Amino acid sequence: MKTVSTKEAPAAIGPYSQGIIVNNLFYSSGQIPLTAEGTLVTGDIKDQTHQVFKNLQAVLKEAGASLETVVKATVFIKDMDEFSAVNEVYAEYFSSHRPARSCVEVSRLPKDVSIEIEVTALVK
């Protein structure tokens, strides 16, 4: 196993890593709308989702992967009524490549954010 860490995404806020590579698969920790500097993005759900994807792209790049090699994404949202807005932003990042996905509504996320996304990707 290899631990993945980059300063281009927020540091872990607990006893975990930004991601782990096992064989040719990268498993990301959930990314929330924090900037790399640790500032919480407080805009609407679309702004928050864009920040989450910026973080995912950074950890994927560090792992030698990309959004194009993601095989599975899991989306956690606080309010399923915001699903269509999240889906709209999600489709900007996964337009032609459509990985498997789960989306669940949860009662609470770290730092009381509205969205968290984790991915599994093939490492090039």
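## A walk through the predicted model

Ser5 touches Gln18 and Glu62, leaving aside residues up to four places away in sequence; contact here means heavy atoms within 4.5 Å. This is a predicted model, in which local features need pLDDT of at least 70, side-chain atom pairs count only at pLDDT 80 or more, and totals for chains, interfaces and linings use all residues. Residues are numbered from 1 along each chain as its sequence is written, and side-chain values use heavy atoms, with hydrogens and water left out.

Let us stay with Ser5 for a moment. Ser5 sits in the loop between β1 (2-4) and β2; helices (H or I, at least four residues) and strands (E, at least two) are DSSP runs, numbered from the N terminus. With 54% relative accessibility, Ser5 counts as exposed. The terms used here are buried for under 20% relative accessible area, exposed for over 50%, and partly exposed in between (1.4 Å probe, protein chains only). Between Ser5 and Thr120 there are 115 residues of separation in sequence and 16 Å in space, C-alpha to C-alpha.

### The nonpolar cores

A general point first: in soluble globular proteins, nonpolar side chains tend to be buried together. In this model, the largest nonpolar core has 26 residues, and Leu60, Ile115 and Ile117 have the most contacts inside it. Such a core is a set of buried Ala, Val, Leu, Ile, Met, Phe, Trp, Tyr and Cys residues joined through side-chain atoms within 4.5 Å. At least two residues of this core come from each of α1, β4 (70-77), α2 (83-93) and β6 (115-122). Which element gives the largest share of this core? That is α1, with eight residues.

A second, separate core has five residues, including Ile32, Leu34, Phe76 and Leu109.

Beyond residues up to four places away in sequence, Gln51 touches Pro33, Leu34, Thr35 and Val41.

Glu116 lies in strand β6 and is buried too, with a relative accessible area of 14%. Among the residues that Glu116 touches, not counting those up to four places away in sequence, are Gly30, Gln31, Ile32, Thr74, Val75 and Phe76. Glu116 and Lys78 are 38 residues apart in sequence, and their C-alpha atoms are 9.1 Å apart in space.

### Aromatic pairs

A pair of aromatic rings is described by the distance of the centres and the angle of the planes. Rings of Phe, Tyr and Trp (its six-membered ring) pair if their centres lie within 6.5 Å; planes under 30 degrees apart count as stacked, over 60 as edge-to-face and the rest as tilted. By this rule, the model has four aromatic pairs. Here are two of them, side by side.

| Pair | Centre to centre | Angle between planes | Type |
|---|---|---|---|
| Phe53 and Tyr90 | 5.8 Å | 70° | edge-to-face |
| Tyr90 and Phe94 | 4.9 Å | 45° | tilted |

Phe53 lies in helix α1 and Tyr90 in helix α2, so their pair ties together parts that are 37 residues apart in sequence. Are Phe53 and Tyr90 buried or exposed? Both are buried; for Tyr90 the relative accessibility is 7%. Phe94 is buried as well, at 2% relative accessibility. Phe53, Tyr90, Tyr93 and Phe94 form one aromatic cluster.

### Positive phi in two loops

Most residues other than glycine have a negative phi, and most peptide bonds are trans. Asn23 is not a glycine, yet has a positive phi of about 55°. Asn23 is placed in the loop between β2 (19-22) and β3 (25-28), and is exposed, with a relative accessible area of 76%.

Asp112, another residue other than glycine, has a positive phi near 55°. The loop between β5 (100-105) and β6 contains Asp112, which is partly exposed, with a relative accessible area of 40%.
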